[in-house]
Amino acid sequence: LASAHHAHSGLRVLLITHDRESAEHCLSRLQPYQQIGLRCGLIDLSGLSDRPRELGQLDLAVAPLETAALLLASGEPVRCGLGLVIIEDLELVADEADSELWPLLLLRCQALKAELPLRMVALCADVALGGKLGQVLHAAVVRDVQVAPTEPDTASLLRARALHQLRGGLLARRLSVPSAQAAI
């Protein structure tokens, strides 16, 4: 949602993943945004494909770490108005073979903030890495913690859940039958 908001406001968005396979998966998740008019694509700086090679041709660009590092080192982000950088799975990016690239990438993003209204979001499941990175970058760290129940469920709670699931299944079945008959 943040990427779509920034793209609709006229700022370019760059999503960085740890490898090309994860970049292609991320691009597939952005397909619904193309239906609302946003140009989404994978940045390919190799010149071996017919995909867009410039950030300016896309509203939502996805790039693996190596490509993103080259892109951010160029003048393209300033020329096109990069507004948001999202790094997915920071712990995987940090563990890649080219792990010396990601600190340079973060430093380049901080340098670009002097010329651009750039925002950066790094998604990380490693709480320790996220906390340390937040301290180094003087950034806010937002944690989303999911609490697992520690006590066993009581019999009445189990019955209530089963009844709720059964009712949901019956309601769903009732709703799907008329549409199936209409399709026939």
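Predicted model: local features only at pLDDT ≥ 70, side-chain atom pairs only at ≥ 80, totals over all residues.
**Stop 1: the largest pocket**

Select Val121, Ala122, Ala140, Val141 and Val142. Of the 24 residues lining the largest pocket, these lie nearest its centre. The pocket's volume is about 630 Å³. Now colour β5 (119-122) and α8 (127-137), the elements that each give two or more residues to this lining. Which element gives the largest share? It is α8, with five residues. Colour the lining by class next.

**Stop 2**

Move on to a space of about 190 Å³, the second largest pocket. Select its lining: Leu1, Ala2, Ser3, Leu15, Cys26, Arg29, Leu30, Tyr33, Ile86, Glu88, Val121 and Leu123. Two helices, α1 (2-8) and α2 (20-29), each give two or more residues here. By class, nine lining residues are nonpolar, one is polar and two are charged.

**Stop 3: helix α4**

Select residues 65-73, helix α4. Show the side chains of Leu65, Thr67, Ala68, Ala69, Leu71 and Leu72, which are buried. What covers them? The cover includes β1 (12-17), β3 (60-64), α5 (76-80), β4 (82-87), α6 (90-95) and α7 (101-112).

Zoom in on Thr67. Why does Thr67 count as buried? Its relative accessibility is 14%, and buried means under 20%. Leaving aside residues up to four places away in sequence, Thr67 touches Ile43 and Leu45.

**Stop 4: salt bridges**

The whole structure holds five salt bridges. Select Arg12 and Asp59 for one of them; their closest N and O atoms are 3.7 Å apart. This pair links distant parts of the chain, 47 residues apart. Arg12 sits in strand β1, and Asp59 in the loop between β2 (40-42) and β3. Are these two buried or exposed? Arg12 is buried at 14% relative accessible area, and Asp59 is buried at 11%.

Arg39 lies in the loop between α3 (31-34) and β2, 20 residues from Asp59. Arg39 is partly exposed, with a relative accessible area of 38%. Show all three residues together: Arg12, Arg39 and Asp59 are linked in a network of salt bridges.

Finish at helix α2. Select Glu24 and Arg20, which form a salt bridge (3.3 Å, N to O). They are four residues apart, about one turn of the helix. Glu24 is partly exposed at 35%, and Arg20 is partly exposed at 36%.

Note on methods: Residues numbered from 1 in each chain as written. Heavy atoms only, no water. 1 Å grid on protein atoms, 1.4 Å probe; cavity = no way out; pocket = protein on both sides within 12 Å on 5 of 7 lines; lining within 4 Å. Points joined across faces, edges and corners; volume = space filled by probe spheres on them. Nonpolar A, V, L, I, M, F, W, Y, C, P; charged D, E, K, R; others polar. Buried < 20%, exposed > 50% of the residue type's maximum accessible area, 1.4 Å probe, protein only. Contact = heavy atoms within 4.5 Å. Salt bridge = Lys/Arg side-chain N within 4 Å of Asp/Glu carboxyl O.
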